[in-house]
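Here is a quick walk through one structure, written for someone who likes to know the cut-offs. Have a look at the sequence and the model first.

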Amino acid sequence: MPRTRNPRNAKNLKLTVTGIGGSPRIGGNTDVLLQSMLAAVHNEQIPNREIQLRDYHISPCIGCEKCRKDQICTGLQDDMQVLYPLIIESAGLILISPTHHYNITAWMKAFIDRMYCFYTFEDTQPRKWASRLAGQGRKAVVGAVCEQENPDDMGFTIEAMKRPLQALGYEIIGELPVFGIFDKGKVRRNQAVLSNSEQLGAKLAQALKFLN
């Protein structure tokens with residue numbers, strides 16, 4: 001897969017971080033960790049914003065393929081139209097989700113699938129593809145929270161966020177898998193996890209400073 005630079009998207013790129021939370025639970029552990037990472041980004045003097053997917057209506061991709069021609073999703077009109085410009089302009093991205101049945105939540109899955117519109121395809125069989133977000137120095141961090149202590153019980157949660165971002169052209173700066181925590185907001189009492197979260201946020205911000 002070639003990673004070609006797209007001037008239209010590159011010229012809109014800003015030194016900013018967008019944090020995306022995939023939990024349906026307000027004030028839960030993923031919220032706490034996302035806010036911890038963004039606070040560390042803020043401490044590094046990098047502008048940032050928090051997006052909670054539960055606050056947006058995002059329909060799942062219907063595979064209409066209109067985006068291959070339009071280079072943005074036009075087959076569905078919902079709140080992704082609000083989020084697309086934020087994704088395009090943000091050099092840094094944080095995705096964090098609780099584990100739901102060995103995987104990311106339905107909210108996060110819908111969001112990731114709707115980023116399909118950033119791919120371009122050649123008229124070959126099988127079709128070669130590239131990402132219009134690639135080759136621009138974009139960087140990301142992913143995190144997941146699992147009630148169980150066995151890493152196997154987290155299943156595909158981290159990979160389900162990491163692999164699509166890599167395909168889109170993001171460099172994954174770090175991962176934060178958190179185990180054995182379920183009660184709402186309980187992660188606030190785990191200083192080791194909070195410290196790791198803050199360190200990842202700072203690491204992301206510091207990596208992005210090289211884009212300036």
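Is Tyr84 buried or exposed? Tyr84 is buried, at a relative accessible area of 2%; buried here means under 20% relative accessible area, exposed means over 50%, and partly exposed is what lies in between (1.4 Å probe, protein chains only).

## Ground rules and confidence

This is a predicted model, so to speak of local features a pLDDT of at least 70 is needed, side-chain atom pairs count only at pLDDT 80 or more, and totals for chains, interfaces and linings use all residues. Residues are numbered from 1 along each chain as its sequence is written, and side-chain values use heavy atoms, with hydrogens and water left out.

The pLDDT (the predictor's confidence in each residue, from 0 to 100) averages 93 over the protein chain, and 94% of the residues score at least 70. Residues 1–8 fall below 50, though the stretch has 22 contacts in the model beyond near neighbours in sequence; contact means heavy atoms within 4.5 Å. Where pLDDT is low, the predicted coordinates should not be read in detail.

## Aromatic pairs

Searching the whole structure turns up five aromatic pairs. The rule: rings of Phe, Tyr and Trp (its six-membered ring) pair if their centres lie within 6.5 Å, with planes under 30 degrees apart called stacked, over 60 edge-to-face, and the rest tilted. Tyr84 and Phe118 make an edge-to-face pair, 5.8 Å centre to centre with 90 degrees between the planes. That pair links distant parts of the chain, 34 residues apart: Tyr84 is in helix 4 (residues 80–89), and Phe118 is in the loop between helix 5 (106–113) and strand 4 (119–121). Helices (H or I, at least four residues) and strands (E, at least two) are DSSP runs, numbered from the N terminus. Phe118 is buried as well, with a relative accessible area of 1%.

Tyr116 and Phe121 form a tilted pair, 5.7 Å centre to centre and 40 degrees between the planes. Tyr116 is partly exposed at 23% relative accessibility, and Phe121 is partly exposed at 26%. Together with Tyr119 and Trp129, Tyr116 and Phe121 form one aromatic cluster.

## Charges over rings

Arg25 lies over the face of Phe182, at 5.1 Å from the ring centre. To count, NZ of Lys or CZ of Arg must be within 6 Å of the ring centre and within 35 degrees of the ring normal.

## The sheet and its cover

Five strands make an open sheet in the order 2-1-3-6-7, with parallel pairing; two strands pair if DSSP finds at least two bridges between them. Strand 2 (48–52) and strand 7 (171–179) stand at the edges with a single partner strand each, so one side of each has no neighbour in the sheet. Strand 3 (residues 90–98) and strand 6 (residues 139–146) run parallel and are joined by seven bridges, and Ser97 stands opposite Ala144 in strand 6.

Helix 4 lies across strand 1 (14–21), strand 2 and strand 3, at about 120 degrees to strand 3. Helix 7 (residues 191–208) lies across strand 1, strand 3, strand 6 and strand 7, at about 170 degrees to strand 7. Axes are lines fitted to C-alpha atoms, for helices over the stretch in contact, and angles run from 0 to 180 degrees between N-to-C directions.
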